[in-house]
Amino acid sequence: MKTQLCLVPFIFFSITALADVAVVVHPSNTNAMDTKVIGRVFTGKIKAFPDDSRAVPINQQASSPLANEFNRKVLRKSSSQLKAYWSKRLFTGKGTPPKEVGSDADMIELVASNPNFIGYVDASMVTDKVKVISTF
């Protein structure tokens, strides 16, 4: 019985670790972006899509498993590294972290409302309101 109870957290974390992260934009956005460009947008190093239209990144809540997965797969940073990164950028006046939303549904509604927004959701939650430009 103890062994079975010990396995429950591992099963839960294994399932969340297997979730694909879909990077989404407004359906009218025709830009193609690779991992490097997406990472540069989400770290504030570039502020435009490849077609020179303004790019506004939107994050999931920093404490969410999906945000941690995105940070690990795309930004190649842990939560603490990303927090330190943004603290430094704020202190030096070089940028502010992206706005955060609380859920996949909120992200989809927000991205669908503005062609300049770019965000990410659990791939299983994607709807026809947004366009997937990459999956990790």
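Q: What is the mean pLDDT of the chain?
A: This is a predicted model, and the mean pLDDT of the chain is 90. Of its residues, 87% reach 70 or more.

Q: Where does pLDDT stay under 50?
A: Over residues 10-16. For that stretch the model has zero contacts beyond four places in sequence.

Q: OK, the overall layout. How many helices and strands does the chain have?
A: There are five helices and five strands. Starting at the N terminus, the order is α-β-α-β-α-α-β-α-β-β.

Q: And how much of the chain counts as buried?
A: The buried share is 39% of the 136 residues.

Q: Which residues of α5 are buried?
A: Helix α5 covers residues 104-112, and its buried residues are Asp 104, Met 107, Ile 108, Leu 110 and Val 111.

Q: Switching to Thr 35. Which helix does it lie in?
A: Thr 35 lies in α2, which spans residues 35-42.

Q: What is Thr 35 in contact with, leaving aside neighbours within four places in sequence?
A: Val 74 and Phe 136.

Q: How far apart are Thr 35 and Val 74?
A: In sequence, 39 residues; in space, 6.2 Å from C-alpha to C-alpha.

Methods:
Residues are numbered from 1 along each chain as its sequence is written. This is a predicted model: local features need pLDDT of at least 70, side-chain atom pairs count only at pLDDT 80 or more; totals for chains, interfaces and linings use all residues. Side-chain values use heavy atoms; hydrogens and water are left out. Buried means under 20% relative accessible area, exposed over 50%, partly exposed in between (1.4 Å probe, protein chains only). Helices (H or I, at least four residues) and strands (E, at least two) are DSSP runs, numbered from the N terminus. pLDDT is the predictor's confidence in each residue, from 0 to 100. Contact means heavy atoms within 4.5 Å.
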